[in-house]
Amino acid sequence: MKQRAFEQRYAQDWQAFEALLDVLDPSVAPNRENFRTARRKNQRLSTSQVASFPEAYRRLCHYLALARERQYSNRLTDHLNSLVLRGHQQLYQRKSDLRSAIIGFVVAGFPQAVRAQWKFCAVSAAVFVLPGLLLMGLTLMFPELVFSVFDPKQINEFESMYDPAARHIGRVRDADTDFAMFGHYIRNNIGIGFQIFAGGLLFGIGSLFFLLYNGIVFGALSAHIINVNFQETFFSFVIGHGSFELTAIVLSGGAGLQLGYALIAPGRFTRRESLRRAAGSAIQIVYGVLLMLLIAAFIEAFWSSSTLVPTTLKYWVGGGLWLLVLGYFVGMGREKKHDAV
Amino acid sequence: MLDTRYAIETPEGIDITLRPVGPLPRILAYTVDLLLRWAVLLVLGLFLTYLGAFGIGIISILYFLMEWFYPVFFEVYRGGVTPGKKGFGIRVVHDDGTPVGWSASLIRNLLRAVDLLPFAYIAGLVSMVLDGNFRRLGDLAAGTLVVYQHDAALRLESVAGSAAEKAGARVLPIALDRDGQRALLNFADRHETLSPQRQEELAAILDNLTGEQGKHGVASLLKIANGLKGAQ
């Protein structure tokens, strides 16, 4: 069959399919038809129209195959190709119920993902905590060591942040309100979490660097605060959100290291395929990290910084939150043991 | 053939071809998105500073969302098309051709942090140039591609027949192999995008086939192509 005859015979079918595509997916309709009218039509689609779609799509695949086999002109094959592509995207799109996906993730998916990658998370925790502890110990013994980590201006700032006489703890300017700080923590801390994850793509070195750096800063700072006797305000401030924030930092490091390891030791896969698989599983942890840092920012801005709450209460609540976080990762999302038959 | 085509085999046993987008349109689309983001932040920022400290908190959150989630939002809810990409007719898809989802979009946009190292997206650019399908590092990890949406120039004309086809048809004077026939068909498909001089120049290559020069040479090539298509 010549091309002309082929076009004349089936063009109506193609046009009908294109019209159906425009209604099914108004957002990518190529013609300039008003988005709203397309959407209104979309809502009025009858069941039979929708049910006819897969069949129409397969017919179109046949047309494309024939057009290619018979060496019809590029204009025709390209047109059919673009219709098949849009049909493919429509038919094979992954629709998920976001709400139930989120609930399932919080209840089981997140702790399961962390446990599945516990080795990376453990390495990340070690790189974050051990050098920090070492530097903390050293700074306690040799207080002047703090000056080789921070410059004097920073040290002044820290001291004013955790001065027991301050109206708000943990703030350079006392005038900043809780909400302003909430926004600041979201932007700053979640950004750091994302960076630690992304740094893993540099063969893990980026993640390791950020973990080490943050660990050392935290170690030296807490030792210095003890040296100047502000520990009461500092630790009651940190304990509240620390459970979420520090754990999240460690977990994003674990996710980043997973990427790095996939590149260093891809095993039986190509590096690209190995990276893809690792990224797919690591991103699960990153979703959780995002959630945890949101909670941490909330606690840090509205609870930890308050001077109205008595210190003892902060310790109790903070300790409770630590137990909650650890218990969550150890216990949640485990399969129920089935009774032996 | 020197071509940037990416074929996906579908479950129907047919290959769909996608055309990955090179660095330049992507950089331009990114620039448009960047300017848009700044403009939104600037305008909202002006209003929000009137709200005092509360406004500053909102600005920080907004800045965070714009920095990390602006592309993710559009890619997931607008079929892989950010406003900047829309302007250049390009979109993000999974490398199996399906619309991009939350995980892939988040991966490719978080890993931007590495693509823009050491400065000005050098790492991403190097990756795009080395990879045959112009994927930056984030795309490689997420398994995504940036492709051209629709090719307006190659859309099928009305079946009633274009002006070119009304010119009439002519039988191919000699036997041509498939590639030769294809070349003629492609010439007919695309001749409108060429200048008349270039059309004549190309037609002159085949003057011993058509036996004619200049404008008449072009016309008879079109007639032969019409004949191949089966027009009367």
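Me: What's the mean pLDDT of chain A?
Reply: The mean for chain A is 85, and 92% of its residues reach 70 or more. pLDDT is the predictor's confidence in each residue, from 0 to 100. This is a predicted model, where local features need pLDDT of at least 70, side-chain atom pairs count only at pLDDT 80 or more, and totals for chains, interfaces and linings use all residues. Residues are numbered from 1 along each chain as its sequence is written, with chains lettered from A and ligands numbered from 1 in the order in which they are written.

Me: Which element of chain A has the lowest mean pLDDT?
Reply: Helix α2 (residues 35-43) of chain A, at 67, while helix α7 (residues 118-141) of chain A has the highest, 92. Helices (H or I, at least four residues) and strands (E, at least two) are DSSP runs, numbered from the N terminus.

Me: And chain B, what does it average?
Reply: Chain B averages 83, with 91% of the residues scoring at least 70. For the model, ipTM is 0.79 and pTM is 0.80.

Me: At what angle do α9 and α10 of chain A pack?
Reply: Helix α9 (residues 178-198) of chain A and helix α10 (residues 205-227) of chain A pack at about 140 degrees, axes 6 Å apart. Residues making that contact include A:I196 of α9(A) and A:F210 of α10(A).

Me: Back to chain B, how many helices and strands are there?
Reply: Chain B has 12 helices and 4 strands. The radius of gyration of chain B is 25 Å, well over the 17 Å that the globule rule gives for 232 residues, so chain B is more spread out than a compact globule. That radius is taken over C-alpha atoms, and the rule is 2.2 Å times the number of residues to the power 0.38.

Me: What box do the C-alpha atoms of chain B fill?
Reply: Roughly 80 × 40 × 35 Å, taken along the principal axes.

Key: Axes are lines fitted to C-alpha atoms, for helices over the stretch in contact, and angles run from 0 to 180 degrees between N-to-C directions. Two residues are in contact if their C-beta atoms, placed from the backbone, lie within 7 Å.
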